[in-house]
Every structure is written in structure tokens, then in C-alpha cells.
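Please consult the sequence and the coordinates alongside the text.

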Amino acid sequence: MSNQHVISLDRAANLSMDTGRLKIEFSAIGETRFIAACDIAVLILAHPCIRLSIGVLRELAQNGAVIVTAGEKYTPCAISLPLGVNADGARRPHLQAKYAGLQEPGLWWEQLVRAKILGQARVSELFDPDLAARLRLIAKRVEPGDATCCEAHAAQVYWDGFFAQFNNTAGFRDKQGAVDPVNVSLNYGYAVLRAIIARSLVAAGLCLNLGVGHSRKDNPFNLADDFIEPFRFLVDGLVWRTFKEERADQFDKEVKNRLLSSLLKNTVEIAGKEYRLFFGIDCAVNSFCLSLEDSRRKLLLPNQPLRPGKTPSASLWQAMQFQDETQ
């Protein structure tokens with residue numbers, strides 16, 4: 001995908017379409033901005049006085065954009081995903097459903113959990129090399145389906161070490177109703193990352209309900225919650241630097257914008273090469289699509305070096321190189 005802009009609006013504005021461009025009018029300051037609809041990946045609406053039409057929603061959806069509505073403290077409370085943007089939208093859900101009850105989802109979940117823990121180890125290098133080494137050992141013990149609960153074990157030791165670095169915080173990972181700035185920042189970063197991943201999955205024609213590790217019947221984003229796992233470390237590292245190295249003491253507009261900007265500039269290492277965030281996510285999603293066709297294929301995920309003598313298939317590697325050149 002070439003459109004890689006995440007637009008966050010946190011003041012009153014009127015949105016309309018103008019010959020294929022999103023027109024953003026800030027009447028209070030007499031300012032107007034334009035951006036091509038095809039260049040918008042995610043639009044975050046974070047102010048109660050933002051007005052837009054059905055035409056805006058339709059045009060953005062047709063161009064594959066995700067619209068996120070944020071509530072108090074910029075916490076996302078709703079997400080709108082485009083439908084029917086991929087010709088495989090009818091075929092790939094059937095492939096996903098084919099594997100229900102088989103061993104393949106457990107093998108995919110094993111790879112996702114291992115990549116997540118290796119990402120946590122990478123962040124831990126910032127403050128505790130011994131913890132990083134311990135997490136790498138845990139990652140080696142992950143089994144299909146994470147039968148031995150390595151993810152939970154790693155999370156406990158990781159977050160204990162992570163929050164020990166801060167004062168005046170909750171002191172533990174708080175997913176719901178967080179008020180301390182570190183947890184609020186983590187939740188915000190994860191929400192943006194989740195929207196980007198959901199967009200990539202939908203664009204690939206995948207059904208978000210059919211996860212491999214997450215399978216709650218009341219969660220319409222199970223697959224997105226699977227694929228966010230190996231990318232969470234990007235948000236963790238940015239939040240750690242913001243509140244530890246840069247000594248921020250609250251989650252405000254400045255911190256929010258800094259986190260958003262830094263996240264989008266981030267790169268991920270996949271198969272020994274560095275890729276921009278959007279392309280790295282697309283690589284992981286594309287590898288899953290190929291694995292649906294042939295479950296012997298391994299997922300391409302961050303922080304997982306290829307085994308000695310192994311390389312990505314020529315077709316996938318060429319596809320990734322082609323996409324990289326077009327972005």
C-alpha cells in the first residue's frame with residue numbers, strides 16, 4: 001500500500017471532499033488543509049466538534065482508509081473499516097475457516113508469541129540486559145498453541161521490570177480504565193497500531209473474526225489482536241524513551257503527537273532486513289496469506305532471524321521488493 005499517512009484531528013474541524021482530496025477546515029483559526037484521499041491510511045477523530053458527511057466516509061472507505069473515533073484522553077472508542085477492497089475477500093475467509101480445529105492455528109500462534117517475546121527482550125535491553133536474556137530463553141520454549149503459557153510468564157517478568165523504571169505510575173500494566181500517563185500512552189499507541197494492522201488484514205481480504213490465538217466470539221478483531229503481538233515492542237520502546245529518557249510526566253497533546261509521529265517513522269527488522277512500519281506489517285500479513293495456501297510456509301515476523309540456510313521464497317521476496325519500490 002502506498003498510502004501511509006495517519007491523520008489525527010484534535011480540534012474542531014469541518015471535513016468534506018474536494019475532487020478526490022479530503023478538505024479539512026479549521027474555522028476557528030481560518031485555516032484549510034487538503035490531503036489526497038488515497039494517501040490516508042488512518043484518520044483519527046479526537047474532538048467532539050468534528051463534522052463530516054457520508055460522502056467523506058464513503059470516499060475514505062473506497063480508498064481503504066480506517067477511521068478511528070477517540071474519546072476522553074484520546075482513547076479510541078470506535079473504529080470503521082473498509083469492506084470489499086480486495087478481490088480475495090470472499091476466498092480467504094474460507095481458507096481461514098478450513099483450518100478451524102486443526103493444528104495450523106497453533107503453529108501460527110507459536111510463531112506470533114515467540115516474536116512478541118523477542119520484541120519484549122529487545123525493549124528490555126534498554127534497561128535490564130539480564131531480563132532480556134531471560135526473555136530470549138522463554139521465547140525458545142514456546143510450543144504450538146503456547147501450551148506452556150510462555151506468553152503469560154514473559155508478560156509477568158517483562159512488565160515488572162518495565163514499570164520498575166518509573167515513579168508515579170500504576171506500577172503494573174493496566175489495560176482498562178488506566179489513568180497513569182505510562183499506561184495511557186501504551187493503550188493509545190496500541191490502539192493506533194491495531195487500526196493499522198486491521199486495515200492491512202482487511203485489505204488482504206482476511207476475516208478479522210477468525211483469529212489463530214484470539215478466538216473470543218464477542219471480539220470482531222481477533223485476527224488483528226493476533227498480529228499486533230509481534231509489533232507491540234515498537235510502542236513499548238517509544239513509551240519508555242518518552243517517559244524515561246525525555247522525562248515526560250503526563251499524557252498530553254504534545255506527547256500524543258510525538259508518539260504518533262515516532263511510531264510511523266519506526267522500522268522493523270524482518271528476515272534480516274529493515275522495513276518501514278507499514279510495509280513490515282504488510283509483509284507479515286502477506287506471509288500469513290501465503291501460509292493459508294501452504295501451511296508449511298513460515299510467517300515473516302519482526303525479530304525472528306531466518307534459520308541457517310533458509311531464505312524466504314523467491315515469489316514472496318520479489319513481491320515484497322516490488323511493494324517496497326512502489327511505496
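Aspartate 146 is found in the loop between α4 (129-140) and α5; helices (H or I, at least four residues) and strands (E, at least two) are DSSP runs, numbered from the N terminus. Aspartate 146 counts as buried because its relative accessibility is 10%, where buried means under 20% relative accessible area, exposed over 50%, and partly exposed in between (1.4 Å probe, protein chains only). The phi angle of aspartate 146 is near 50°, a positive value in a residue other than glycine. Most residues other than glycine have a negative phi.

The model is predicted: local features need pLDDT of at least 70 and side-chain atom pairs count only at pLDDT 80 or more, while totals for chains, interfaces and linings use all residues. Residues are numbered from 1 along each chain as its sequence is written, and side-chain values use heavy atoms, with hydrogens and water left out.

## Overall composition

The secondary structure of the protein chain comes to eleven helices and ten strands. Of the 327 residues in the protein chain, 49% are buried. Among contacts (heavy atoms within 4.5 Å) with a separation of 6 or more, 63% are between residues 24 or more positions apart.

## Two further loop residues

Asparagine 303 lies in the loop between α10 (277-293) and α11 (314-326). Its phi is near 65°, again a positive value in a residue other than glycine. With a relative accessible area of 14%, asparagine 303 is buried.

Aspartate 10 occupies the loop between β1 (5-9) and β2 (13-18). Its relative accessibility is 15%, and therefore aspartate 10 counts as buried. The side chain of aspartate 10 is joined to that of lysine 256 by a polar contact of 3.3 Å. A polar contact is a pair of N or O atoms within 3.5 Å; within protein, one must be able to donate a hydrogen and the other to accept it, and residues adjacent in sequence count only if both atoms are side-chain atoms.

Glutamate 110 is part of helix α3 (residues 104-124) and counts as buried, because its relative accessibility is 13%. Not counting residues up to four places away in sequence, glutamate 110 touches Val142, Glu143, Pro144 and Gly145. Its side chain also makes a polar contact of 2.8 Å with the side chain of arginine 114. Glutamate 110 and cysteine 150 are 40 residues apart in sequence, yet their C-alpha atoms are 9.7 Å apart in space.

Arginine 136 belongs to helix α4 and, at 34% relative accessibility, counts as partly exposed. Leaving aside neighbours within four places in sequence, arginine 136 is in contact with Leu118, Ala121 and Glu125. With glutamate 125 there is a side-chain polar contact of 3.0 Å. The C-alpha atoms of arginine 136 and isoleucine 117, 19 residues apart in sequence, are 7.1 Å apart. Aspartate 225, in helix α7 (residues 222-227), is buried at 12% relative accessibility; beyond residues up to four places away in sequence, aspartate 225 touches Arg194, His214 and Asn219.

Aspartate 160 is found in helix α5 (residues 150-163) and counts as partly exposed at 49% relative accessibility. Its C-alpha atom is separated by 6.8 Å from that of phenylalanine 172, twelve residues apart along the chain.

The structure holds 13 aromatic pairs. Rings of Phe, Tyr and Trp (its six-membered ring) pair if their centres lie within 6.5 Å; planes under 30 degrees apart count as stacked, over 60 as edge-to-face and the rest as tilted. Phenylalanine 162 and phenylalanine 163 form an edge-to-face pair, 5.5 Å centre to centre with 70° between the planes, and both residues are buried. One aromatic cluster is formed by Phe127, Tyr158, Trp159, Phe162, Phe163, Phe166 and Trp240.

## Packing of α6 and α8

Helix α6 (residues 181-203) and helix α8 (residues 232-245) pack at an angle of about 145°, with their axes 9 Å apart. Axes are lines fitted to C-alpha atoms, for helices over the stretch in contact, and angles run from 0 to 180 degrees between N-to-C directions.

From α6, Pro181, Val182, Ser185, Leu186, Gly189, Tyr190 and Leu193 meet Arg232, Val235, Asp236, Val239 and Phe243 of α8. The residues of this contact divide into eight nonpolar, two polar and two charged; Ala, Val, Leu, Ile, Met, Phe, Trp, Tyr, Cys and Pro count as nonpolar, Asp, Glu, Lys and Arg as charged, and the others, Gly among them, as polar.
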